[in-house]
Amino acid sequence: MLTIDGITVRLGGRTILDRASATVPVGARVGLIGRNGAGKSTLMKAMIGELEPDDGEISKPTKARIGYIAQQAPSGSMTPEEVVLAADVERAQLLAESETCMDDMDRLGEVHERLLAIDAYSAPARAAKILSGLGFDEEMQKQPVDTFSGGWKMRMALGALLFSEPDILLLDEPSNHLDLEATLWLENFLKSYPATLLVISHERDLLNKVVDHILHLQGGQLTLYPGGYDAFEKLRAERAAQLASAKASQDAQRARLQDYVARNSARASTAKQAQSRAKMLAKMQPIAALIEDPSLSFDFPDPAELRSPMIQLEHAAVGYNDAPPVLQRLNMRIDADDRIALLGRNGNGKTTLARLLAAQLPAAEGEMLSPGKMSVGYFTQYQVEELASDDTPLELMSRAMEGKTPGAVRAQLGRFGFSGARAEQRVEKLSGGERARLALAIITRDAPHLLILDEPTNHLDVDAREALIQALNDYSGAVILISHDRHMVELTADRLVLVDNGTAKEYKGSMDDYIDFVLGRNQPKKDAKKAPAKAKTPVNSPKDQAKERYVRSELEKAEKSMARIAADVEKLDLAMVELNRTPSADTGSKMEKLLADRARASDRLAKAEATWLAAGEQLEEFAS
C-alpha cells in the first residue's frame with residue numbers, strides 16, 4: 001500500500017498540506033482531484049521525494065518503483081522509439097552487459113535468462129504500439145526528438161513512462177497535450193494497467209472510465225472515496241448535507257450554552273454550572289461545513305436582444321493573405337440562441353473559422369452578413385498567456401472599461417469571482433484557472449451577443465468546468481465552442497458542426513457518433529445490432545489477391561500520410577497566427593514562405609485524402 005501519514009507541507013509561508021493522511025490500496029486506480037492551487041502536484045512531488053514534507057511521512061512497499069513524468073521534456077538526436085526503449089533501465093543495462101561479458105559464459109547465460117524473464121526482446125514492438133496509440137506513425141517514430149514541438153515531446157515522455165510499467169504510476173494531467181484519438185487510447189490503456197495508478201485529471205470522462213477511487217484534496221486534507229467521479233459527487237453531496245445538519249445542531253447547542261453562561265455566571269447558586277458549561281464550550285470543536293469556494297464564479301452578462309440570424313455565411317471562403325483558402329463553400333446561419341460546437345481534427349481549420357466569425361479574418365470569397373451592432377467576445381489561450389503579470393485584475397479591467405464608473409468595473413470583476421482584495425492581487429500570483437476567469441471577464445465586459453470560446457477549459461479544474469457549463473447554459477446569447485472536453489460539449493451544444501475536407505457542415509449525429517466516426521478512420525466501426533456481414537467470397541486468383549494486398553497497403557500509407565500532413569498544416573497555421581501577432585521588419589517575406597508551404601501542404605493533404613477514399617472504395621468492391 002501507498003500510505004500518506006499526517007504530512008504537512010508549507011510553501012512560501014502558506015500551508016499547502018495540513019496533516020493530510022490517506023491509504024491507497026495496492027492495485028487501485030485513483031483519481032487525485034481538487035481545486036486549482038489545492039496542492040495536488042505538491043503532493044505528487046512529495047511522493048517521489050522531490051519535496052520533503054515539514055512533518056509526517058509517505059511510505060510505499062519495499063522496492064516498489066514509482067514512475068512520474070519529469071518536467072524536462074526529452075531532447076537531442078534520439079528517436080521517439082529510442083526514448084521509450086531507454087525508459088526500461090534494466091533492459092538497457094542488461095543489453096549493454098551482454099555485449100561486454102562474452103568471456104564469462106555463466107554471467108552471459110544469467111543475462112540472457114533475465115532478458116527473457118522481462119520480455120526484453122518484444123520491447124520494440126511494445127514501444128511502437130504505445131507510440132502509435134499516442135499519435136506517432138511509423139515514420140515519426142524514427143525522426144530525431146529535436147524535430148518535434150514541445151507538445152509532441154511531452155507525448156514521448158508519457159510514452160516512456162507507460163512503457164516502463166512502474167509499480168506505482170503517477171500521472172499529472174496526462175491528457176493536456178493529447179487530441180481526442182490519443183485520449184481515447186490512453187483511457188483504454190489505463191483501464192487495464194496492472195499496477196497502482198494515481199492520476200491528477202480534470203477530465204470527467206477519464207475519471208469516470210478509468211479510476212476506481214477518488215482522492216479529494218481540499219483545505220489541506222485528503223479524503224478517499226470509492227468509485228469514479230460521478231459516485232464521488234453523490235457521496236460528497238451526501239456528506240455535505242450531513243455536515244450542514246451537524247453544524248446547525250452544534251450551532252444551536254453552542255448558542256444555548258453561551259446564553260446559559262451569560263445569564264448564570266454572576267449568580268453564586270449557578271456559578272459552578274456556568275463554569276462547567278463554559279468548559280464545554282471551550283472544548284467543543286467546530287464542525288467545518290463544506291462551503292463552496294466563493295471565488296469559483298462565472299456569470300456572463302446577458303446581451304441586448306438581437307434579431308436572428310446574427311451571422312449568415314453565403315458561399316464564403318477564408319484563409320490567410322493570398323494563399324489558397326483554408327475553408328471554402330461555407331454556408332452557415334447562426335441565430336441568437338444557438339449553441340454550436342466545432343468538431344474536427346487538429347489542423348482542419350476550426351480556429352480559422354472561429355476567427356472569421358469573430359471578424360478577425362475577412363471572407364476571401366462570398367459573404368458574411370451580420371448586423372452592425374452585433375458584438376463578439378472571443379476567448380483564446382493567447383489572451384490568458386498575455387495578461388500583464390505586474391497588473392492587477394482591477395487595473396486591467398479599468399483600462400478595458402475606460403470611461404465606466406469604478407462601481408461598474410468592480411461589478412464586472414465580481415461576476416467572475418474577483419471581489420474585494422482578490423481584485424487587487426497581481427496577475428503573477430493568480431493560478432491558471434484564475435487567469436482564464438479574468439480573461440473571460442475582460443472579453444465579456446460589454447455583454448457580447450456571441451461568445452466564441454477556443455479551448456476554454458485548459459486551465460480549469462473539474463468544479464470550475466462545471467461552473468462554466470452552468471454559466472454558458474444560463475447565458476442568453478449565442479455560443480460557439482471549440483473543446484476536447486466531451487462532457488462540456490455534450491452539456492452545452494445543441495448543434496455540431498464538422499470542419500473537415502476544407503469546409504464546415506452540420507453534423508447530424510451525437511457526440512458519441514462523432515467519436516465513432518473519428519475512430520472509424522483507423523479501425524472498423526463495430527455495431528452489435530447489425531446483422532452479421534455476409535461471408536467474403538474467396539478471391540481465387542493470385543493476381544487478385546496480390547492486388548488486394550497492394551490496395552490495403554496504399555490505404556494504410558494514405559492514413560499515415562493524412563495524419564502527418566494535418567499536423568504540418570496545424571503547425572503552419574499557428575506560425576502564421578504568431579507572425580501576425582508579433583510583426584517585424586521581415587514579416588512579409590516570412591509570411592510569404594509560410595503561405596507557400598501551407599498551400600503545398602494542403603495540396604498534399606487533398607491528394608492523400610483522394611488516395612484514401614479511392615483505396616477504401618476498391619476494398620469495398622473486394623468485399624462485395
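Angles under 35 degrees count as roughly parallel, over 145 as roughly antiparallel, 65 to 115 as roughly perpendicular and the rest as oblique. Keep that scale in mind for the helix pairs below. The model is predicted.

Two packed helices are described by the angle between their axes and the distance between the axes. Take helix α5, residues 123-133, and helix α6, residues 150-164. They pack at an angle of about 135°. Their axes lie 10 Å apart. The pair α5 and α6 is therefore oblique. The crossing of these two helices, α5 and α6, is right-handed.

Which residues of α5 and α6 make the contact? From α5 come Ala123, Arg126, Ala127 and Ile130. From α6 come Gly159, Leu162 and Phe163. By class, the residues of this α5 and α6 contact are five nonpolar, one polar and one charged.

The crossing of α6 and α7 is left-handed.

On the α6 side, Arg155, Leu158 and Leu162 take part. They meet Ala182, Trp185, Leu186, Phe189 and Leu190 of α7. The contact of α6 with α7 has seven nonpolar residues, one charged residue and no polar ones. Look for Leu162 in the structure. Leu162 belongs to the contact of α6 with α5, and Leu162 also belongs to the contact of α6 with α7.

Helix α15 spans residues 432-443, twelve in total. From its first C-alpha to its last, α15 reaches 17 Å. That is close to the 16 Å expected at 1.5 Å a residue.

How many of the twelve residues of α15 are buried? Ten are, and α15 is mostly covered. The buried residues are Gly433, Glu434, Ala436, Arg437, Leu438, Ala439, Leu440, Ala441, Ile442 and Ile443. The list includes charged side chains, Glu434 and Arg437.

What covers the buried residues of α15? The cover includes the helices α12 (381-385), α13 (393-400), α14 (406-415) and α16 (462-474). It also includes the strands β14 (376-379) and β15 (450-454).

Most residues other than glycine have a negative phi, and most peptide bonds are trans. Some places in this chain depart from that pattern.

One is a cis peptide bond between serine 308 and proline 309, with omega about 0°. Proline 309 lies in the loop between α10 (271-283) and β10 (311-318).

Arginine 329 has a positive phi, near 55°, and is not a glycine. Where is arginine 329? Its place is in strand β11, residues 327-334.

Asparagine 501 also has a positive phi, about 55°, although it is not a glycine. Asparagine 501 sits in the loop between β17 (495-500) and β18 (503-507). Is asparagine 501 buried, exposed or partly exposed? Buried means under 20% relative accessible area and exposed means over 50%. Asparagine 501 has a relative accessible area of 48%, so it is partly exposed.

## The whole chain

The chain has 20 helices and 18 strands. Of its 624 residues, 47% count as buried.

Consider the contacts between residues at least 6 apart in sequence. Of these, 69% join residues at least 24 apart.

Note on methods
Residues are numbered from 1 along each chain as its sequence is written. This is a predicted model: local features need pLDDT of at least 70, side-chain atom pairs count only at pLDDT 80 or more; totals for chains, interfaces and linings use all residues. Side-chain values use heavy atoms; hydrogens and water are left out. Axes are lines fitted to C-alpha atoms, for helices over the stretch in contact, and angles run from 0 to 180 degrees between N-to-C directions. Helices (H or I, at least four residues) and strands (E, at least two) are DSSP runs, numbered from the N terminus. A crossing is left-handed if the near helix is turned anticlockwise from the far one by less than a right angle, and right-handed if clockwise. Contact means heavy atoms within 4.5 Å. The expected span of a helix is 1.5 Å times one less than its number of residues. Buried means under 20% relative accessible area, exposed over 50%, partly exposed in between (1.4 Å probe, protein chains only).
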